[in-house]
Amino acid sequence: ELVEADRLLEVAENRIRAEFSSPDRLVMRGQLAYVKSRVTAMRGDLQRAIALCLAAREYVPAGNLALQLDCQITLGYEYFLAGDYANADQALNETIHSGITTGAIINTVAASCLLARLYAVQGLLKQSYEMYQTAAQSIPEVGGPHLGVRGLVEIGMADVLYERNDLDAALVRIKKGLDLLPFWDKADDWVLAYITLARIHLAQANTSGAIGAVEKAFRLI
């Protein structure tokens with residue numbers, strides 16, 4: 001709902017300008033720039049989104065680890081989408097390092113999965129799969145809050161297995177991922193999962209299954 005997001009961002013910006021004093025104003029400006037970056041990226045203006053995210057990082061105080069990590073992983077994703085793989089690699093590795101240091105499991109795993117996708121699109125399937133394995137190992141065995149990111153790992157592994165033509169194993173992984181994805185429940189990851197499922201079905205000559213998966217993906221966009 002990007003139109004409504006833009007309206008609320010404008011209201012927030014006006015209130016920050018009128019009501020907040022330093023240093024609160026700087027923190028709020030960082031939050032504002034971060035959200036604007038995400039909305040702008042969703043509209044497809046990746047270079048402006050990157051500029052906003054870089055600006056957001058300048059406003060975020062050292063003690064606000066949550067927003068720092070959010071900015072860092074968002075920046076890595078935006079660089080990735082823009083095809084700037086060198087900067088994406090750096091930003092995502094920094095996120096992983098910070099996440100491990102601070103014990104932020106969700107950010108660490110999500111950044112690891114993005115980095116694994118980055119490796120995969122460059123044809124580095126071995127490195128990609130190893131990164132997914134590393135991500136999986138960083139998730140505690142017990143605990144509902146981490147089931148969502150476990151789903152991300154399963155979906156990513158399914159994609160690599162598909163590329164290796166290990167279709168049966170890929171299908172097992174993608175089904176596990178889809179079962180866990182409601183705990184994450186982000187539309188872009190649902191679409192990625194269903195497209196991966198469609199590619200697996202198509203490679204197995206299951207045309208109806210492939211069409212059904214693509215239709216589910218379209219309904220989410």
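Start by selecting D185: at 52% relative accessibility, this residue counts as exposed, since the cut-off for that label is over 50%. You are looking at a predicted model. D185 sits in the loop between α9 (167–180) and α10 (187–203). Check its backbone too: phi is positive, about 60°, although D185 is not a glycine. For context, most residues other than glycine have a negative phi.

Next, move along to A205, in the loop between α10 and α11 (207–220). Here phi is near 65°, again a positive value in a residue other than glycine. With a relative accessible area of 66%, A205 is exposed.

Now go back to helix α8, residues 147–163. How far apart are its end C-alpha atoms? They are 25 Å apart, which agrees with the 24 Å that 17 residues should span at 1.5 Å a residue. Color α8 by accessibility and you will find the helix mostly covered, with 13 of its 17 residues buried. Just after α8, stop at N165, which takes a positive phi of about 70°.

Finally, show α8 and α10 together. Their axes come within 10 Å and cross at roughly 30°; angles under 35 degrees count as roughly parallel, so the two helices are roughly parallel to each other. The crossing is left-handed. To see the contact, select L152, I155, A158, D159, Y162 and E163 of α8, then D189, A193, T196, R199, I200 and A203 of α10. Colored by class, this contact shows seven nonpolar, one polar and four charged residues.

Conventions: Residues numbered from 1 in each chain as written. Predicted model: local features only at pLDDT ≥ 70, side-chain atom pairs only at ≥ 80, totals over all residues. Heavy atoms only, no water. Helix = DSSP H or I, 4+ residues; strand = E, 2+ residues; numbered from the N terminus. Expected span 1.5 Å × (residues − 1). Buried < 20%, exposed > 50% of the residue type's maximum accessible area, 1.4 Å probe, protein only. Axes fitted to C-alpha atoms, helices over the stretch in contact; angles between N-to-C directions. Parallel < 35°, antiparallel > 145°, perpendicular 65-115°, else oblique. Left-handed = near helix turned anticlockwise from the far one by under 90°. Contact = heavy atoms within 4.5 Å. Nonpolar A, V, L, I, M, F, W, Y, C, P; charged D, E, K, R; others polar.
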